[in-house]
Amino acid sequence: MRQALLALLAKEPAHGYELKQALESIFGIAYPSPNIGQIYVTLGRLEKDGYVRAVDVEQANRPNKKVYYITAAGREALETWVDEPTEGPRVRDEFFMKLVLAPLTGLADRMALVNRQRRHYLSLMRDLGELAEAAERTDPDNRASLLLIEGAMLHLQADLDWLERCQEELQ
């Protein structure tokens with residue numbers, strides 16, 4: 001959330017509700033709607049860390065609102081984030097730990113674990129398919145939303161393929 005807010009503030013100053021609306025607009029229904037409380041808590045932390053500064057703006061017939069601006073330190077932190085590669089493959093996969101270790105305890109059968117995980121992934125895939133259809137219906141021009149869903153589906157497909165490989169190797 002920190003980097004997303006910094007990126008939006010690098011574009012232009014905004015208050016919390018504008019940031020929430022921007023995230024919802026950019027990512028559409030593919031990305032869970034951010035909690036406004038989380039946004040304000042994160043903005044407070046960013047301000048404490050010196051990455052943003054807040055200015056009170058008077059409003060007629062309403063309480064003042066805080067408009068947030070990115071600082072030079074915030075822009076530097078954002079540039080560092082953009083330049084760093086994102087984490088790669090999960091070597092410490094929790095499911096794989098279960099698959100290898102649970103049978104040693106007598107608590108589970110490997111094939112039962114594989115089948116249960118496969119059903120879970122297929123259920124998630126169906127949910128993502130429905131989400132993609134809803135995104136296509138409600139906001140077909142939001143390519144970011146559709147790409148996010150497609151990426152999640154491709155990751156799930158890779159996980160399903162990997163489960164098949166585990167089943168072949170560990171029988």
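At the start of helix H7, a side-chain oxygen of Asn142 comes to within 3.3 Å of the backbone nitrogen of Ala144. The structure described here is a predicted model. H7 comprises 28 residues and spans 40 Å between its first and last C-alpha atoms, close to the 40 Å expected at 1.5 Å a residue. Along this helix, the buried positions are Ser145, Leu146, Ile149, Leu156, Asp159, Leu160, Leu163, Cys166 and Gln167. The buried residues of H7 pack against helix H2 (16-27), H5 and H6.

In soluble globular proteins, nonpolar side chains tend to be buried together. In the present model, the largest nonpolar core contains 17 residues, and Phe95, Leu99 and Ile149 have the most contacts inside it. At least two residues of this core are supplied by each of helix H5 (94-105), helix H6 (110-138) and helix H7 (143-170). H6 provides the largest share, with 7 residues. When residues up to four places away in sequence are not counted, Phe95 touches Leu113, Val114, Gln117, Trp162 and Leu163. A second, separate core consists of 14 residues, including Leu8, Val52, Ile70 and Leu78.

Residues 5-79 carry the annotation "domain: Transcription regulator PadR N-terminal" in an unreviewed UniProt entry. In the model, this span is 53% helix and 23% strand, and the C-alpha atoms at the ends of residues 5-79 are 13 Å apart.

Technical notes. Residues numbered from 1 in each chain as written. Predicted model: local features only at pLDDT ≥ 70, side-chain atom pairs only at ≥ 80, totals over all residues. Heavy atoms only, no water. Core = buried A, V, L, I, M, F, W, Y, C linked by side-chain atoms within 4.5 Å. Buried < 20%, exposed > 50% of the residue type's maximum accessible area, 1.4 Å probe, protein only. Helix = DSSP H or I, 4+ residues; strand = E, 2+ residues; numbered from the N terminus. Contact = heavy atoms within 4.5 Å. UniProt positions renumbered as here; feature names shortened; annotations may be inferred. Expected span 1.5 Å × (residues − 1). Polar contact = N/O pair within 3.5 Å; in protein donor to acceptor, adjacent residues only side chain to side chain.
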